[in-house]
Amino acid sequence: MTQGLIVAGIAVLCVCAVYLVLAARVVKQYERGVVFRLGRVMDSVRTPGFTLIVPFVDRMRKVNLQIVTLPVPAQEGITRDNVTVRVDAVVYFKVVDPTDAIVRVEDYRFAVSQMAQTSLRSIIGKSDLDDLLSNREKLNQGLELMIDSPAVGWGVHVDRVEIKDVSLPETMKRSMARQAEAARDRRARVINADAEFQASKKLAEAAQQMADTPSALQLRLLQTVVAVAAEKNSTLVLPFPVELLRFLERAQQGPHPDAAPPERAAVPPAPGQAPYAQAPYAAASPARAAADAGNGGQAA
C-alpha cells in the first residue's frame, strides 16, 4: 500500500512537471503575449514575466514592442519635372497594440514595407528634383503621414521616415555641375566688377587730390621707384611726364589741316612801287593785313 502511494505520488509529480513544462511561458520586458484560446483571442495581454497557459488549449504569440528599423529598397521613378531618379529610404516604426498587430494584418512588417515602397514611389512622382535634393524635411513628413495613416489600423505607429539617398543619371550630374560652375563664375564676375567700381571711385578721388596738390604726384612716383627697387632686379624706372609724350605726338603728326598757314616775311617795296601793295600777302595773312592797315593809318 505504501509503495502504491509512493508510485502514485511520483506519477502525479511527473504529470505536474510535464504540465508546467507545457504551460510555462516567459515574456521578456520588450514583448507582450497575445493568447488564443481555442482560436479566440483573449482580452488580456500577457505582461512581461512568468505566465502560464492551458496546454493544448491556449496558444500564445509574442509581439515585439521595440522600434523596428525597416530599410525601404531603392525605388525608381520620374519626378514632376521629368527626371528619372532612384530613391531609397528607411522607416522607423513600433507596435502599440499587440492584438491588432496579430489579428488585423497577417504580417505587419511586410505590410509596412509594401506601404513604404508604394508611398515612396508616389512621393517621387509628386515632387520636383530640387525638392528631393534640398527640401527633404517636408518630403519626410509627407511620406510619414502617407505610411502612418493605414498603419494605425494595424496597431503600428510610424515613428519616423527618412530619405537616405537620391541617385541621379550621369548626364544629369554633369548638367548640374555645369550649372553650379556657371553660377559660381557669375558670382565671381559680379564681385570683380563691384571691386573695379569701388576701386575706380577711390582712384578718381586720388586723382582729384593729386590734381589739387601736384607734389603728391611726385611723391607717388618716388614711392613707385622705391617699390620697384625693393625687388632687387635690374629694372630701371624713369618717370616720364604725360604732357611731354603728347607734345612729341603732336610734333610727329605735323600742323593740323584746318590751321592757318604761317606768316610770310615782309618784302621791302621796289623803287617806284607803293608800300604794302602785295595783294597775295594780304590775302594769305588776314591778321597781318589788318596790322599793316593799322600801321598805314598811323602813318597817314
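Angles under 35 degrees count here as roughly parallel, over 145 as roughly antiparallel, 65 to 115 as roughly perpendicular and the rest as oblique. They run from 0 to 180 degrees between N-to-C directions, with axes being lines fitted to C-alpha atoms, for helices over the stretch in contact. The model is a predicted one, in which local features need pLDDT of at least 70 and side-chain atom pairs count only at pLDDT 80 or more, while totals for chains, interfaces and linings use all residues. Residues are numbered from 1 along each chain as its sequence is written, and side-chain values use heavy atoms, leaving out hydrogens and water.

Take the pair H3 and H5 to begin with. Helix H3 (residues 108-126) packs against helix H5 (residues 136-151) at an angle of about 140°, their axes 9 Å apart, and the two are therefore oblique to each other. Helices (H or I, at least four residues) and strands (E, at least two) are DSSP runs, numbered from the N terminus. On the H3 side, Met-115, Ala-116, Ser-119, Leu-120, Ser-122 and Ile-123 meet Leu-139, Gly-142, Leu-143, Met-146, Ile-147 and Pro-150 of H5 (contact means heavy atoms within 4.5 Å). Sorted by class, the residues of this contact are nine nonpolar, three polar and no charged; Ala, Val, Leu, Ile, Met, Phe, Trp, Tyr, Cys and Pro count as nonpolar, Asp, Glu, Lys and Arg as charged, and the others, Gly among them, as polar.

Then there's the sheet. Three strands make up an open sheet in the order E6-E7-E8, paired antiparallel (two strands pair if DSSP finds at least two bridges between them). Strands E6 (68-78) and E8 (156-167) sit at the edges with a single partner strand each, so one side of each has no neighbour in the sheet. On average, neighbouring strands are turned by 25° against each other, direction ignored. Strand E7 (residues 84-95) is joined to E8 by 10 bridges, and Lys-94 stands opposite His-157 in E8. H3 packs on this sheet and touches E6, E7 and E8, its direction making about 35° with that of E6. H5 packs on the sheet too, touching E7 and E8, with its direction at about 140° to that of E8.

As for charge pairs, the structure holds seven salt bridges (a side-chain nitrogen of Lys or Arg within 4 Å of a carboxyl oxygen of Asp or Glu). One of the seven joins Arg-37 to Asp-58, with the closest N and O atoms 2.7 Å apart. Arg-37 lies in strand E2 (residues 31-37) and Asp-58 in strand E5 (residues 58-64), so the pair ties together parts 21 residues apart in sequence.
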